[in-house]
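Colleague: I am new to reading protein models, and I would like to learn how to follow a sheet from strand to strand. Could we go through one together, step by step?

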Amino acid sequence: MSVQRFFLAGAVLFAVLFGGFGTATEDLRVAVLDFQNQTGQPELNYLEAAIPSVLITDLSICEQLTLVERARLQEILDEMQLALSGVVNDEQATEIGELAGADAILVGSITAGGQVFRIDGRLVDVASGQVILAEKRSWLSDDEILLAVDELAEQIICKLTGVETGVSGDFIYEPLGVVEDHVLKMETALDQPVWLNGSGEAVFLQVDIYSKEVPARERIPLNLALVIDRSGSMASARKLDYARQSAKFILENLAKDDIISIVTYGSKVQLVVPAQKAAAKRKTIQLIDEITAGGATNLSGGMLEGFSQVAKNLKTGQVNRVLLLSDGLANEGITRADKLSEICYEKSLQGMAISTFGVGADYDEDLLLGLAELGVGNYYYIYSPEEIPTIFAREMSGLMAIAAQNVKIRVQTPADIKVVDIPGYLWETRNNETEVALGDIFSNDHFSLTLELQLPQAIPDSLCLADVVLQYDDVVNKGERITANTPVY
């Protein structure tokens, strides 16, 4: 779920919520509480504060509106033993509004059902304690985040005060920096830098990485470990039959100098084919046909053996990846999802990635998705065993079109500027340098990161907020290590 979807839905909702105000009002005092993230996705928690924070900054340009300071709201909520983004009922909202001296107060929440996200909001009149409007909106499509927020602010100002005003004209929407070198291009942009100066609020820095369309060429070598779940449940619905077909498909698409290993796991881990060049294909196919199902699910053992086989021939200038297929849960060996994901992240720092393939209805989707995300690989959900060969073909096609490897973003900031969060990515900060590992980037690919920065109260005009450094191995041009940077002011 992208940030743009939340902001687009917010614009639609607020326009409806504030539609009841049609006349100009002087010195109207409005309090906006944080949205409640009820999606069950912790990585979206930052939106609870991001939505009202940016809104309040935009709305503050209108002299007829007075926005209740978030610090004041937090004081009131602390006295009431409530959280700024916690569950607030209508009676509590009225009390908060009275204590804050607000005319109206808005509470909202974000929920999810399948692929559909929904935002619900209630506008409470402080004087009467009545809910003026209660609305909900569902959305799926993306939109540009900054334009959506600006339009939202303009709508709110118009509905509440009767005054039409422009917000977007005062802000810079063109990328602040563009670096294009070899196969990758980097763009950076800040949200509303002028109005955030001196506010003490967070600012959001977006970094986009684009790869060029790589022309047909002699592909880079592959160093792969195929790790197959052969637990007892794989015997049903011909799952293991299709897994064997996938292994054969991969083998048939390898060049003789590519490296392949095959690992299976049930209760025990079996090294079916040790890491070797894909030359003896007939013998390897015979070993694949002899794989049988049975036992529990020692996923960690199989995964670790796969990494071990890849590590034997680890080097730059080639694809080093584990391909993990499972239909079940991790119920033997290391079973904690965070520990397994931590292993994948550590391996990614060593130059090895993992792609995961979940098949059937019983596997742990969150686990396999987490392994792929922190292991800088891909995740696939296979609806039926018949899809296994097709999806493995998609993964192999991607591996043969890699444009850059070992891609990293480093963001260097002054001592008084902090990186607070990078939603959706694992990151580390040391001595005011924050690093994010992106792994491999394919031909005609796109990565987008949003960094939340905490700024000091006063920002000199000449201060460089961040220096964004892009590093990668350009596999199209003989594996040369590229370093490029752009400052953000």
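Modeller: Gladly, and please keep in mind that this is a predicted model. We can begin with an open sheet of 6 strands, whose order is β11-β10-β9-β12-β13-β14 and whose pairing is mixed.

Colleague: Which strands stand at the edges of this sheet, and what does that leave on one side of each?

Modeller: The edges are taken by β11 (269-277) and β14 (379-382), and since each of them has a single partner strand, one side of each is left without a neighbour in the sheet.

Colleague: How do I read the pairing of two strands, and do β12 and β13 run parallel or antiparallel?

Modeller: One looks at the bridges and at the direction of each strand. Strand β12 (residues 319-326) and strand β13 (residues 353-359) run parallel and are joined by 6 bridges, and within this pair L323 stands opposite S355 of β13.

Colleague: Is strand β15 mostly covered or mostly uncovered, and which strands is it joined to?

Modeller: To judge cover, one counts buried residues, where buried means under 20% relative accessible area. In strand β15 (residues 402-412), 8 of the 11 residues are buried, so by this cut-off the strand is mostly covered. Strand β15 is joined by 8 bridges to strand β18 (residues 433-442), with the two running antiparallel, and K408 has A437 as its bridge partner in β18. Another 7 bridges join β15 to strand β20 (residues 466-474), again antiparallel, and there the bridge partner of Q412 is D467.

Colleague: How many helices and strands does the protein have, and what share of its residues count as buried?

Modeller: The secondary structure comes to 12 helices and 21 strands, and 50% of the 489 residues count as buried. The protein exposes about 21,200 Å², of which carbon and sulfur atoms supply 48%. Finally, among contacts between residues at least 6 apart in sequence, 70% join residues at least 24 apart.

Key. Residues are numbered from 1 along each chain as its sequence is written. This is a predicted model: local features need pLDDT of at least 70, side-chain atom pairs count only at pLDDT 80 or more; totals for chains, interfaces and linings use all residues. Side-chain values use heavy atoms; hydrogens and water are left out. Buried means under 20% relative accessible area, exposed over 50%, partly exposed in between (1.4 Å probe, protein chains only). Helices (H or I, at least four residues) and strands (E, at least two) are DSSP runs, numbered from the N terminus. Two strands pair if DSSP finds at least two bridges between them. Contact means heavy atoms within 4.5 Å. Accessible areas come from the Shrake-Rupley method with a 1.4 Å probe; for residues, only the protein chains shown count as cover.
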